Amino acid sequence: MTTQEENDFFKQNMVKIKIPKEHIFVLGDNWERSVDSRHFGPVPLKNIQGKVLGARGY
């Protein structure tokens, strides 16, 4: 893919939202078919179970 094709592929018409403290925004690995925070909103940390297997900070 060229850079322009990659940019077009990953463009999402998402509205900016503010993530409340003690919440996270989750995304599925198949964006087109995933039901994730784009549909149900930020998830309270207290509702998360499991452990992180990989993360990247920005």
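Predicted model: local features only at pLDDT ≥ 70, side-chain atom pairs only at ≥ 80, totals over all residues.
1. Residues are numbered from 1 along each chain as its sequence is written, and side-chain values use heavy atoms, with hydrogens and water left out.

2. **The overall layout.** The chain holds two helices and two strands, and reading along the sequence gives the pattern α-β-α-β. Here helices (H or I, at least four residues) and strands (E, at least two) are DSSP runs, numbered from the N terminus. Helix 1 covers 3-10 and strand 1 covers 23-24, while helix 2 takes in residues 37-40.

3. **Surface and burial.** Accessible areas come from the Shrake-Rupley method with a 1.4 Å probe, and for residues only the protein chains shown count as cover. Of the 58 residues, 9% count as buried. Buried means under 20% relative accessible area, exposed means over 50%, and partly exposed lies in between (1.4 Å probe, protein chains only).

4. **Contacts along the chain.** A contact means heavy atoms within 4.5 Å. Among contacts between residues at least 6 apart in sequence, 12% join residues at least 24 apart.

5. Ser37 sits in helix 2, and it counts as buried because its relative accessibility is 4%. Its side chain reaches the backbone nitrogen of Val26 at 2.9 Å and also the backbone oxygen of Gly41 at 2.9 Å. For such polar contacts, a pair of N or O atoms must lie within 3.5 Å; within protein, one must be able to donate a hydrogen and the other to accept it, and residues adjacent in sequence count only if both atoms are side-chain atoms. Not counting residues up to four places away in sequence, Ser37 touches Ile24, Phe25, Val26, Pro42 and Val43.

6. **Asp36 and its partner.** Which residue forms a salt bridge with Asp36? The partner is Arg38, and the closest N and O atoms are 2.8 Å apart. A salt bridge is a side-chain nitrogen of Lys or Arg within 4 Å of a carboxyl oxygen of Asp or Glu, and by this rule the count comes to one. As background, side chains of opposite charge can pair when their charged atoms come close. Asp36 lies in the loop between strand 1 and helix 2 and is buried, since its relative accessible area is 2%. Arg38, at 25% relative accessibility, counts as partly exposed. Leaving aside neighbours within four places in sequence, Asp36 is in contact with Val26, Leu27 and Gly28.

7. Ser34 is placed in the loop between strand 1 and helix 2. With a relative accessible area of 12%, Ser34 is buried. The side chain of Ser34 reaches the backbone oxygen of Asn30 at 2.6 Å. Apart from neighbours within four places in sequence, Ser34 is in contact with Gly28, Asp29 and His39.

8. Met14 belongs to the loop between helix 1 and strand 1, and its 42% relative accessible area makes it partly exposed. Setting aside neighbours within four places in sequence, Met14 is in contact with Phe25 and Arg38.

9. Ile19 is found in the loop between helix 1 and strand 1, and it is partly exposed, with a relative accessible area of 32%. Ile19 touches Ile24, Phe25 and Pro42, not counting residues up to four places away in sequence. Together with Val15 and Ile17, Ile19 forms a nonpolar patch on the surface, with about 280 Å² of accessible area. Patches are made of residues with over 30% relative accessible area and no salt bridge: like charges are joined within 9 Å, and nonpolar side chains (Val, Leu, Ile, Met, Phe, Trp, Tyr) within 5 Å.

10. **A backbone detail at Glu22.** Glu22 is found in the loop between helix 1 and strand 1. Its phi is near 65°, a positive value in a residue other than glycine. Glu22 counts as exposed, at 59% relative accessibility.
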